[in-house]
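Q: Can we walk through this model together? I'd like the packing and the rings.

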Amino acid sequence: MDQTHLHLLITHLPIFGSLLGTLVLGYGIWKKSDTTLLASYYLLVIAALGAVVAYVTGEEAEETVENIQGVSENVIEQHADFAGYALVALIAVGVFSLLGIYFKTTKSTFAKPVTTITLFLALISFGLVARTGYLGGQIRHTEIASGSAQTISEQGGEEEGDDD
């Protein structure tokens with residue numbers, strides 16, 4: 001397995017990890033459950049670590065696909081740009097989650113404000129990482145990039161098994 005394979009495998013972790021971590025964090029705030037808050041912090045830290053791995057392996061993945069026919073360099077660049085923003089946001093969430101773990105376990109008065117900040121950052125980071133994933137999907141999944149699959153099927157176009 002090379003870095004391109006690792007990139008494709010790991011990219012879903014920051015997306016689903018940040019979504020699940022954000023939902024669990026919101027639930028923990030609503031239920032006022034320290035155990036649930038701690039679980040959400042751990043999920044968000046794992047999502048941040050996944051984002052680091054996805055970002056680091058992204059360059060080799062780009063090298064692998066940039067010369068394939070039908071792959072748009074513009075879409076790759078948009079994906080890479082959003083990946084940088086998503087990475088920074090998820091690292092911030094990871095750092096605040098680590099602070100949250102520390103403040104919760106030491107019963108600090110900073111625990112509640114850190115939880116609120118973490119929730120806010122987690123919402124933003126999920127939006128960024130979801131957009132990054134969407135753009136990444138467009139690199140090889142042309143059916144979501146242009147809607148061409150729907151247009152072809154509506155026109156009674158290509159039959160299954162055609163090799164263009």
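**Packing and rings**

A: Start with Y41: at 0% relative accessibility, Y41 counts as buried. Buried means under 20% relative accessible area, exposed over 50%, partly exposed in between (1.4 Å probe, protein chains only).

Q: What kind of model is this, and what are the ground rules?
A: This is a predicted model: local features need pLDDT of at least 70, side-chain atom pairs count only at pLDDT 80 or more, and totals for chains, interfaces and linings use all residues. Residues are numbered from 1 along each chain as its sequence is written, and side-chain values use heavy atoms, with hydrogens and water left out.

Q: Ok. Where is Y41 found?
A: In helix 3, residues 34-65. Helices are DSSP runs of H or I, at least four residues, numbered from the N terminus.

Q: What is Y41 in contact with, leaving aside neighbours within four places in sequence?
A: L25, S97, G100, I101, K104, A111, V114, T115 and T118. Contact means heavy atoms within 4.5 Å.

Q: Which side chain has a polar contact with Y41?
A: That of T115, at 2.5 Å. A polar contact is a pair of N or O atoms within 3.5 Å; within protein, one must be able to donate a hydrogen and the other to accept it, and residues adjacent in sequence count only if both atoms are side-chain atoms.

Q: How many residues apart in sequence are Y41 and L25?
A: 16, and their C-alpha atoms are 7.4 Å apart in space. L25 also touches L37, S40, L44, T115, T118 and L119, not counting residues up to four places away in sequence.

Q: Which residues make up the largest nonpolar core?
A: Eight: L25, L37, Y41, L44, V93, I101, L121 and A122. A nonpolar core is a set of buried Ala, Val, Leu, Ile, Met, Phe, Trp, Tyr and Cys residues joined through side-chain atoms within 4.5 Å.

Q: Which helices supply at least two residues of this core each?
A: Helix 3, helix 4 (73-105) and helix 5 (111-140). Helix 3 gives the most, with three residues. Apart from this core lies another, of seven residues, including I15, A48, A51 and A86.

Q: Switching to helix 1. Which residues are buried there?
A: T4, H7 and I10, in a helix that runs over residues 3-10. They lie on the same side of helix 1, because they cover an arc of only 140 degrees around the axis. The arc is that of the directions from the helix axis to the C-beta atoms.

Q: And on the other side of helix 1, which residues are exposed?
A: L8 and L9. The buried residues of helix 1 pack against helix 2 (12-31), helix 3 and helix 4.

Q: Now rings. How many aromatic pairs?
A: Four. Rings of Phe, Tyr and Trp (its six-membered ring) pair if their centres lie within 6.5 Å; planes under 30 degrees apart count as stacked, over 60 as edge-to-face and the rest as tilted.

Q: Why is the pair of Y27 and W30 edge-to-face?
A: Their planes are at 65 degrees, with the ring centres 5.8 Å apart. Y27 and W30 are three residues apart in helix 2, so about one helical turn separates them. Y27 is partly exposed at 42%, and W30 is exposed at 63%.

Q: What about F103 and F110?
A: That pair is tilted: 5.5 Å centre to centre, 45 degrees between the planes. F103 is buried at 14%. Ring pairs link Y102, F103 and F110 into a cluster.
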